[in-house]
Amino acid sequence: MMTRRDFITLLGGSSLLSPFAASAQRLGRTYHLAFVSANPREAPQHVALLDELRRDGFVEGQNLIVDQRGFSIDFGKFPEVTAALVKSPVDAIVCSGEVALKAAQQVTRTIPILGVADDMLAAGLVRSLARPGGNTTGISILATELDAKRQELLIELLPNARRMAALADPNSTEVGRLKALKDATHASGVELLTYTVDNAEKIVPVIDEAKTSGAEAINFLSSPLFTSNRHIIIEHVTVLRLPSIHHLPEIVEDGGLIGYGARLTLMYRQMARLLVKVLRGTAPADLPVEQPAIFELVVNLKTAAAIGLAVPSTLLLRADKVIE
């Protein structure tokens, strides 16, 4: 027997039964999509976005062409690559992070731009969340609130620590936001050493500097730079036996100690649904910027054991996922 859920799933997943998908195929329209990302084409978030598009009838190899030039790009080359991408037929540009979004905005005011960023309003990427204006929309993470929450969790994890560090990408984190975090941490009786890192080569030396300066734990603030270099970060802080907190649940699943935030793959699926509306003709200016709906606390006890850390039971009881 087919349940009601099975029937709805079949109906939603079938391009033959989707009026728009059928119409698009009849018209013979092919859509061109470009990405600007430091991550590879096979990164889970990209796979998730293209899978969500496929559910709505935009199928790579059939009526969708994905330009491969915008993947695995060094942050410093974003402007150059983006300028090249807009010279080709492009129906929309998907950007990973503030640096990519700004690079795209510099070269086009007409091609729709969609992206995920820490704070799209504070970064000046949109006029307002409800009425973005221009040609940009997407997902805005609650960056400032999440910075403070993660710092609180780190203090709860190490209640006896009196000095911690925070690493920030200046391309993603404003000076004021970093100062606010430092002041809030100081109010809790903990000194916060703050460092900025703007390229991958500086990450390991700065972690070493924080450790040498007496930091007992480290908070990696939200940034595509840290996401794309998470394996280097995880390996190094584990060797140093330095507890750390991260902005994505996926980083903890890859070996990080603790993380709190929205799942990247879910944010990209959410952005894909906005992208579908754009490809169907809605202007980005008319699509309010969205925010994640689900935030997860993930703790990796394997990593905790590797660095000799006992995680308080209060954190484990609140965790959405515990990796044992």
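Asparagine 39 is placed in the loop that runs between β1 and α3, in a model that is predicted. With a relative accessible area of 9%, asparagine 39 is buried, because anything under 20% counts as such. Once its neighbours within four places in sequence are left aside, asparagine 39 is in contact with Gln45, His46, Phe71, Ser72 and Ser228.

## An aromatic pair between β1 and a loop

The structure holds 5 aromatic pairs. In one of them, the rings of tyrosine 31 and phenylalanine 58 have centres 5.1 Å apart and planes at 80 degrees, so the pair is edge-to-face. Tyrosine 31 belongs to strand β1 (residues 31-36), whereas phenylalanine 58 sits in the loop between α3 (44-55) and β2 (64-67), so the pair ties together parts that are 27 residues apart in sequence.

Both partners can also be described by their accessibility. Tyrosine 31 counts as buried at 5% relative accessibility, and phenylalanine 58 is buried with a relative accessible area of 0%.

## Two buried helix residues

Glutamate 52 is found in helix α3, and with a relative accessible area of 10% this glutamate is buried. Not counting residues up to four places away in sequence, glutamate 52 touches Arg269, Ala272 and Arg273.

Leucine 146 lies in helix α6, which spans residues 143-157, and counts as buried at 7% relative accessibility. When residues up to four places away in sequence are not counted, leucine 146 touches Ile141, Tyr260 and Phe295. Leucine 146 and glycine 97, which are 49 residues apart in sequence, are 16 Å apart in space from C-alpha to C-alpha.

## The buried face of α8

Helix α8 covers residues 203-212, and within this helix Ile203, Val206, Ile207 and Ala210 are buried. Seen down the axis of α8, the buried residues fall within an arc of 105 degrees, so they line one face of the helix. An α-helix has 3.6 residues a turn, so residues three or four places apart point the same way.

The cover over the buried residues of α8 includes strands β6 (163-168), β7 (191-196) and β8 (218-220), together with helices α9 and α10 (230-239). After α8 comes glycine 214, whose phi is positive, near 95 degrees.

Rolling a probe the size of a water molecule over the atoms shows where empty space is left. A search of the whole structure finds 3 cavities of 30 Å³ or more, and the largest cavity contains about 210 Å³ of space. The largest cavity is lined by 19 residues, of which Val116, Ser223, Pro224, Thr227 and Leu264 are the closest to its centre.

Which elements give two or more residues to the lining of the largest cavity? They are β4 (113-117), α9 (224-228) and α12 (264-279), and the largest share, 3 residues, comes from α12. By residue type, the lining of the largest cavity divides into 8 nonpolar, 9 polar and 2 charged residues.

Terms used:
Residues numbered from 1 in each chain as written. Predicted model: local features only at pLDDT ≥ 70, side-chain atom pairs only at ≥ 80, totals over all residues. Heavy atoms only, no water. Phe/Tyr/Trp six-rings, centres within 6.5 Å; stacked < 30°, edge-to-face > 60°. Helix = DSSP H or I, 4+ residues; strand = E, 2+ residues; numbered from the N terminus. Buried < 20%, exposed > 50% of the residue type's maximum accessible area, 1.4 Å probe, protein only. 1 Å grid on protein atoms, 1.4 Å probe; cavity = no way out; pocket = protein on both sides within 12 Å on 5 of 7 lines; lining within 4 Å. Points joined across faces, edges and corners; volume = space filled by probe spheres on them. Nonpolar A, V, L, I, M, F, W, Y, C, P; charged D, E, K, R; others polar. Arc of directions from axis to C-beta. Contact = heavy atoms within 4.5 Å.
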